[in-house]
Amino acid sequence: MRATWSLPPAALIASSLFVLSIFSGGVRAGDATTPEPHWSGLPIWGAEAEARGYQIPRPFGIGVTAYSARQPVNIQDLQLARNGKDPVSVTNFLQIDQVDTSQQNISAKFDVLVFPFLSVYAVLGYTQGTTAGLIQIPEDPILGIIEPRVLQLNASFYGPTYGAGVTLQGGTKVSEWRDLTAIAVADWNRTQTDLSFKNETLIANTKPIATVFSARVGLHGTVGPSNGAAIWIGAMHQKIQQTVAGSVANTDLQFIVVQTPTKPWNTLIGGLFEFGKDGYVLLEGGLGARMSILAAAVYRF
């Protein structure tokens, strides 16, 4: 039963999705040129925006990202049941310390710039990770436990993750020096993970869902005839599914875990380098209770 508390971490990968769209539809000021509409006709109002001096990215993007994160999760309640009967909380008997979760993810994303200020995207990826913590078993002569015990909680998980999101973005020129532009981006996405355990005796009956909101502000400028770069700071809020259910193979035992992130908000700092309108590479780190690092590459067409 030690591994039954390992469900919460799988939802963490949603925090990597936002930065893949931070410049997939960004609008920034530039020198006015004669607009050449894209063959797709997207984005809507794109030619009008370029006629007013805004440079609009190509409407379609394909991105690949590698992400690693670690964060603590609080287990608020653990409930057990047998033969489909009503579950019973065992937290009065067991003390579950804070659980630390680490996970790695690689994912691909396809986005479409619908308007100069709005893009939508779909994402598909694969996640794996581990959970580590301690379970305190107090002394209880009635149950025959003479001395308190401490059990080590270790579990490994994996599974595909898929979802979708929307990004709002905009910018305004603040200086002629290198076409320096202030940028602002807000993103919302929702993902689901088909969770499995490497310990085959554990069966996940729930597909954890994560909802993530992110916001960033920063500066963008030119660094060559056709290249650009940007830096930003931001914050991310992550809401993971609080109730997760599962069972133990070849038994009549079911379990329910009630859990929340210790700190749902964290700080983000990042930057990118653009290869004209063809795409960009970026690197972003997360600071706070949720520590993360993300690297990504995006091609636009």
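**Exercises around strand β15**

Strand β3 (residues 60-82) and β15 run antiparallel, joined by 9 bridges. Strands here are DSSP runs of E, at least two residues long, and helices are runs of H or I, at least four, numbered from the N terminus. Strands count as paired if DSSP finds at least two bridges between them.

Before you start: this is a predicted model, so local features need pLDDT of at least 70 and side-chain atom pairs count only at pLDDT 80 or more, while totals for chains, interfaces and linings use all residues. Residues are numbered from 1 along each chain as its sequence is written, and side-chain values use heavy atoms, leaving out hydrogens and water.

**Exercise 1.** Find the partners of β15 and a residue pair for each.

*Solution.* Next, take strand β14 (residues 243-248), which runs antiparallel to β15 with 5 bridges. There, A245 stands opposite I256 in β15.

**Exercise 2.** Trace the chain from β14 into β15.

*Solution.* The two strands make a hairpin, with 4 residues between them. Stop at N250 in the turn: its phi is positive, about 60°.

**Exercise 3.** Work out how covered β15 (residues 253-261) is, then zoom out to the chain.

*Solution.* Buried means under 20% relative accessible area, with a 1.4 Å probe and protein chains only. By that cut-off, 7 of the 9 residues in β15 are buried. Now zoom out: 47% of the protein chain's 301 residues count as buried. Finally, tally the elements: the protein chain has 1 helix and 18 strands.

Note on methods. Buried < 20%, exposed > 50% of the residue type's maximum accessible area, 1.4 Å probe, protein only.
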